[in-house]
Every structure is written in structure tokens, then in C-alpha cells.
Amino acid sequence: MNFFLPAEWEPQRAIWFTWPQNADTWTPVWPDAKATYEKVIAASLRFQDVVLLASTSELQTELLKRFESIAAHSKYRLDILVCPTNDSWIRDYGGMTVRAVDAQGSAKQTLLSFQFNSWGGKYPPWDADNAVPGFMARHRGYEIVEIPFVLEGGSIDANGEGLLLTTRSCLLNPNRNPGKTQKEIEETVSRYLGLKEILWLDSGIDGDDTDGHVDDLARFVNARTVFCAVEMDAKDENYAALRRNVSELEAYAQHLGLEVVEVPMPGRQIRAGLRTPATYMNFLILNGAVLVPVFQDPRDDVTLALFARFFPVREIVPIDCRALVYGQGAIHCSSMQEALV
């Protein structure tokens with residue numbers, strides 16, 4: 001079989017979320033974090049079907065009541081399913097829907113199940129999260145392909161035409177696939193995602209515990225345009241690394257015919273003495289909208305205008321993510337699209 005990973009802006013059947021359950025991750029912003037999740041899910045339900053995972057039947061009952069009014073006023077479907085999980089960041093452990101084409105040219109929807117080890121073994125246990133792709137495949141009746149290779153959804157971003165953004169600091173980190181060379185990693189990822197070229201960036205932002213997920217740094221917004229985060233303050237810890245990313249992207253752009261658009265980072269976000277990985281790059285593209293994290297920062301309006309320019313037929317929906325990023329993620333991290341392929 002040949003596999004092809006669609007771009008996020010291609011048609012989606014649904015968007016999947018996992019309801020947060022670990023208060024320790026979010027203390028002291030636990031109520032605000034859950035309220036933000038509710039806003040993200042409610043906003044998504046305005047544009048397409050949503051599947052929400054609840055770790056227990058008791059939580060499922062609680063969520064059915066919590067979302068009763070929201071679901072009743074939507075023309076789209078909200079399914080709340082019982083599925084044990086360890087953490088809420090389904091972007092990194094959820095199954096990836098791809099188009100699988102056989103030698104005769106027949107295509108079918110397939111779910112890829114890469115391995116998940118909680119960002120290099122940082123937060124055990126992760127066995128329940130690692131089983132979620134199997135649950136997704138059984139729920140939909142998709143064929144599943146198990147791949148003995150650690151790969152998180154937030155560590156990659158694809159343009160749907162064979163180009164993939166990622167970072168050396170994450171994908172080449174020995175805490176993911178120890179003993180594998182860069183060439184072996186490139187061959188595995190390219191084989192299952194249908195790639196022509198991998199665009200390697202340097203490293204992540206301060207406050208990020210994923211070793212540098214690219215969905216905090218740079219994202220395709222169409223097949224030939226990349227949004228890239230830049231830090232305006234030369235004294236900030238992120239300044240040098242983000243400038244290197246821009247330089248590397250511009251080098252790729254010259255031979256690939258890409259446009260690189262610089263997007264300012266929000267100001268430093270501190271909660272309970274902790275710097276959080278606040279960035280506008282953790283946005284989510286839906287069938288009719290783009291959900292964009294905002295931080296009550298002067299740069300919010302400038303950034304939203306950029307999104308409106310490059311997504312003229314989608315509604316731009318800002319969502320305050322100051323509480324969400326305290327848990328080390330934002331809108332993109334909290335979701336996994338189910339492509340319609």
C-alpha cells in the first residue's frame with residue numbers, strides 16, 4: 001500500500017478531543033482550563049461533527065449534561081464516548097487518518113497507529129493513550145496499520161503534497177526512537193505519510209516540554225505558504241532559535257517555491273511563576289473555520305488579521321488560551337482531525 005497524509009485544511013469527517021482529567025496538570029487553573037476546553041469543543045461543533053473521549057462512564061454522564069444545550073443547538077453531531085486515557089493531548093497519541101492506495105489504484109481510508117511514549121517517557125503511565133488509535137479504528141470500522149515507531153502528531157505538519165515540517169530536537173531525540181539514524185527516521189516517516197521531502201527546523205520554544213513540537217513553531221496554511229513564529233525581543237530566550245527557524249525555512253523556500261510569513265510571538269506568558277509555551281502557531285483548521293489561540297496581548301489583532309488574509313473563506317475564531325497553555329498545550333494539541341479521504 002502507498003499512504004498519503006492529507007493537509008489539515010482538506011475535508012474532515014470529525015474532530016476528536018479528550019476531556020482533561022488530571023487536575024495536577026492544570027493546578028492552579030483547573031476550572032479555567034476545563035472552561036477553555038468547553039469553548040474549543042463548542043466552537044468546533046459549529047462547523048463539523050465532534051467526538052469527545054471520556055475516561056469513565058461517570059465522566060461521560062457529566063459531560064453529556066455539560067454539553068446538552070450546546071449539542072441541542074448544533075446541526076452537527078457530538079458523540080461522547082467512554083475510552084480510558086492518561087492525558088488529554090490527543091494530537092500526540094490519536095490515530096492519523098490517511099489515504100491508502102493499492103497497486104490497482106483502489107483507495108481506502110486507513111488509520112495509522114504510531115507509538116506514543118509520553119514525549120520521551122516524561123509522564124508515565126501512557127499505556128491507555130497508546131491504545132486510543134485502536135479504539136478510534138474500531139469505532140469507525142477503519143483498517144489500522146500498527147507502526148513500531150514513536151511519532152507524535154504535534155511534531156509534524158504536512159502540506160498534503162509531500163512536504164512535511166518537523167524539528168531535529170524532537171524527531172531526532174534519542175528519547176523517541178533510540179539507535180535510529182536520521183536517514184532511517186526519514187525513510188520511516190516518508191514511507192507512511194507519502195512524503196517527497198522533510199523540512200527540518202532547529203528547536204522549540206522556552207517552556208515547551210515536548211522537546212520542540214513544530215506546531216508551536218511553524219505551520220503550513222496552504223500548500224505553498226508557511227506561517228513561522230518570530231520573537232521580536234532580541235533579549236528573549238526564544239529569539240535566536242526562532243530566527244534560525246526562519247533562516248532555514250527561507251532556504252527551503254528558494255528551491256521549493258514557498259512563501260514564508262513571519263508571525264509575531266505573543267508576549268511572555270507567566271502563570272504561577274511558570275513560563276508557558278504561548279504561541280499563535282497552535283491553531284486548528286476546521287472545515288469552515290480556524291480556531292486561533294489568543295492571549296489578551298497587543299499582538300493578537302495583528303495575528304488575527306494575518307489569519308483572515310490567508311484563510312479568506314474560513315471564519316477566524318479567537319479563543320483565549322492563557323489557561324490552556326499552563327498545561328503545556330493549546331488548541332491544536334487538544335485535538336486530532338479525522339480526515340475524510
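Helices here are DSSP runs of type H or I with at least four residues, numbered from the N terminus. With that in hand, let's walk through this predicted model.

**Stop 1: a helix and its end**

Select residues 132–140, which make up helix H8. Colour Val132, Pro133, Gly134, Phe135, Met136 and Ala137, because these are its buried residues, each with under 20% relative accessible area. Now step on to Gly141, which follows H8 and has a positive phi, near 80°.

**Stop 2: the largest pocket**

Rolling a probe the size of a water molecule over the atoms shows where empty space is left. Which residues lie nearest the centre of the largest pocket? Select Thr25, Asp87, Trp89, Trp119 and Tyr123 to see them. They belong to a lining of 20 residues, around a pocket with a volume of about 280 Å³. By class, the lining has 8 nonpolar, 8 polar and 4 charged residues.

**Stop 3**

Side chains of opposite charge can pair when their charged atoms come close. The structure holds 22 salt bridges, and we will visit some of them. Start by showing the side chains of Glu143 and Lys108, which meet in a salt bridge at 2.6 Å, N to O. Glu143 is in strand S7 (residues 143–150) and Lys108 in strand S6 (residues 107–115), so this pair links distant parts of the chain, 35 residues apart. Are these two residues buried or partly exposed? Glu143 counts as partly exposed because its relative accessibility is 40%, and Lys108, at 39%, counts as partly exposed too.

**Stop 3: a helix meets a loop**

Next, select Arg244 and Asp202, whose side chains meet in a salt bridge (2.7 Å, N to O). Arg244 sits in helix H11 (residues 239–256), while Asp202 is in the loop between strand S10 (197–201) and strand S11 (218–222). The two are 42 residues apart. Arg244 is partly exposed at 41% relative accessibility, and Asp202 is partly exposed at 22%.

**Stop 4**

Finally, select Glu237 and Arg275, which form a salt bridge with their closest N and O atoms 3.0 Å apart. Glu237 lies in the loop between strand S12 (225–230) and H11, and Arg275 in strand S15 (residues 274–275), so the pair ties together parts 38 residues apart in sequence. Glu237 is partly exposed, with a relative accessible area of 48%, whereas Arg275 counts as buried at 10% relative accessibility.

Conventions:
Residues are numbered from 1 along each chain as its sequence is written. This is a predicted model: local features need pLDDT of at least 70, side-chain atom pairs count only at pLDDT 80 or more; totals for chains, interfaces and linings use all residues. Side-chain values use heavy atoms; hydrogens and water are left out. On a 1 Å grid over the protein atoms alone, a cavity is a set of points where a 1.4 Å probe fits but cannot get out, and a pocket is an open set with protein on both sides within 12 Å along at least five of seven lines; lining residues have an atom within 4 Å of a point. Grid points are joined across faces, edges and corners, and a volume is the space filled by probe spheres set on the points. Ala, Val, Leu, Ile, Met, Phe, Trp, Tyr, Cys and Pro count as nonpolar, Asp, Glu, Lys and Arg as charged, and the others, Gly among them, as polar. Buried means under 20% relative accessible area, exposed over 50%, partly exposed in between (1.4 Å probe, protein chains only). A salt bridge is a side-chain nitrogen of Lys or Arg within 4 Å of a carboxyl oxygen of Asp or Glu.
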